Amino acid sequence: MSAATTRSRTPDRLCAEAVDLARSAAEEAAAPGVVGEHAGLVSEGDRVVTHFFECKELGYRGWRWAVTVARASRAKIVTLDEVVLLPGPDALLAPEWVPWSERLRPGDMGPGDLLPTDAEDLRLEPGYSGEDEPAPNTAVSEEMAELVEAEDAEVAGGVPAKLAVAPSRGSIAAVAEELGMRRARVLSRYGLHTAADRWEEAFGAKTPMAQAAPASCVTCGFLAPIGGSLGQAFGVCANEFSPADGRVVSLTYGCGGHSEAAVMPKPPRPAPPVIDETRVDPFPLRPAPDSGSVPVTSDDDSAELGHS
């Protein structure tokens, strides 16, 4: 260890004794009554010392006022360097900042919120292509485009290239807009798969509700079909009593609100007693002599008393 390092780690005596100067500087920078007791000092280098004072400001638990003082070489006067509020070892700190794109969760958007979509979002792909060069085997082929250009020139008094606003007829975009299909981007295969995984996890065959259901949604009358490729595996539940009402559900999902669920059986009732009034069942008061329950020999005394 060099001599310079030893000197830098040993606090300068005059700077270490300048506690009153450091406190007055901290009280001047802070609000009245928020500077607490002296909490130690640390040497920052040759003739540079930082004094720490407790912070009594509400909401700043564990923070400290750090006042750095310094002294010039061979000088006897200690001067003020800076005053800052720094967190201590056990300070209450805010959580680490995370970009909004990583903080956002499903359901976080509210009325008026705007969610910009990245131009390179893997969930989307171009909705149409060939706007400048129409496909050769379509109604907007090169020959058709030349005819339309000549027709527009007669109506507008010039070719579209020389007009302020060129007619949009004769292009893929114009046909797509007329059919109501003009979207800049549509779901890519990756976007379809991620959406299907989310819906399958929330309302799929592996959920406890589907495991206990009497039948799956594919046979339920409350299932509203959806278009596109996702319609082969998903639909929308339209049963107001179902936990998935208004949600996209898998065709393998199910619940107790199935339209064809079995009717709950009524509790069993005991059959009414049957009384046969057409016959009489004899009930002898004495067993037959040959039944084996009494001796064959008769006892006159017991017979008179009515005993068997």
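Begin by selecting F53, which lies in strand β2; strands (E, at least two residues) and helices (H or I, at least four) are DSSP runs numbered from the N terminus. The model is a predicted one, in which local features need pLDDT of at least 70, side-chain atom pairs count only at pLDDT 80 or more, and totals for chains, interfaces and linings use all residues. Residues are numbered from 1 along each chain as its sequence is written, and side-chain values use heavy atoms, with hydrogens and water left out.

Is F53 buried or exposed? With a relative accessibility of 0%, F53 counts as buried, a term that means under 20% relative accessible area, whereas exposed means over 50% and partly exposed lies in between (1.4 Å probe, protein chains only). Next, display the residues in contact with F53, contact meaning heavy atoms within 4.5 Å. Leaving aside residues up to four places away in sequence, F53 touches a set that includes V19, A22 and R23, V35 to A39 by way of G36, E37 and H38, and also W63, R64, W65 and V67. Select R64 together with F53: the two are 11 residues apart in sequence, and 5.4 Å separates their C-alpha atoms in space.

**The sheet**

Now extend the selection to the whole of β2, where six of the eight residues are buried. This strand belongs to an open sheet of four strands in the order β1-β2-β3-β4, with antiparallel pairing; two strands pair if DSSP finds at least two bridges between them. At the edges stand β1 (35-45) and β4 (78-87), each with a single partner strand, so one side of each is left without a neighbour in the sheet. From one strand to the next, the twist averages 25°.

The strand pairs may be inspected in turn:

- β1 and β2 pair antiparallel over six bridges, and G45 stands opposite V48 in β2. The two strands form a hairpin with two residues between them, and R47 in the turn has a positive phi of about 60°.
- β2 and β3 run antiparallel and are joined by seven bridges; H51 stands opposite V67 in β3.
- β3 (residues 63-71) and β4 pair in the antiparallel sense over nine bridges. V84 in β4 is the bridge partner of A66.

**Helix α7**

Move to α7 (residues 189-202), a helix of 14 residues that reaches 20 Å from its first C-alpha to its last, close to the 20 Å expected at 1.5 Å a residue; the expected span is 1.5 Å times one less than the number of residues. Which residues of α7 are buried? They are G191, A195 and A196. Viewed down the axis of α7, the buried residues fall within an arc of 130°, so they line one face of the helix; the arc is that of the directions from the helix axis to the C-beta atoms. The face turned away from that buried side carries the exposed residues R189, D197 and E201. Finally, show β6 (185-187) and β8 (234-237), which are among what covers the buried residues of α7.

**The whole chain**

Clear the selection to view the protein chain, which contains nine helices and nine strands. Buried residues make up 23% of its 308 residues.

Methods
Axes fitted to C-alpha atoms, helices over the stretch in contact; angles between N-to-C directions.
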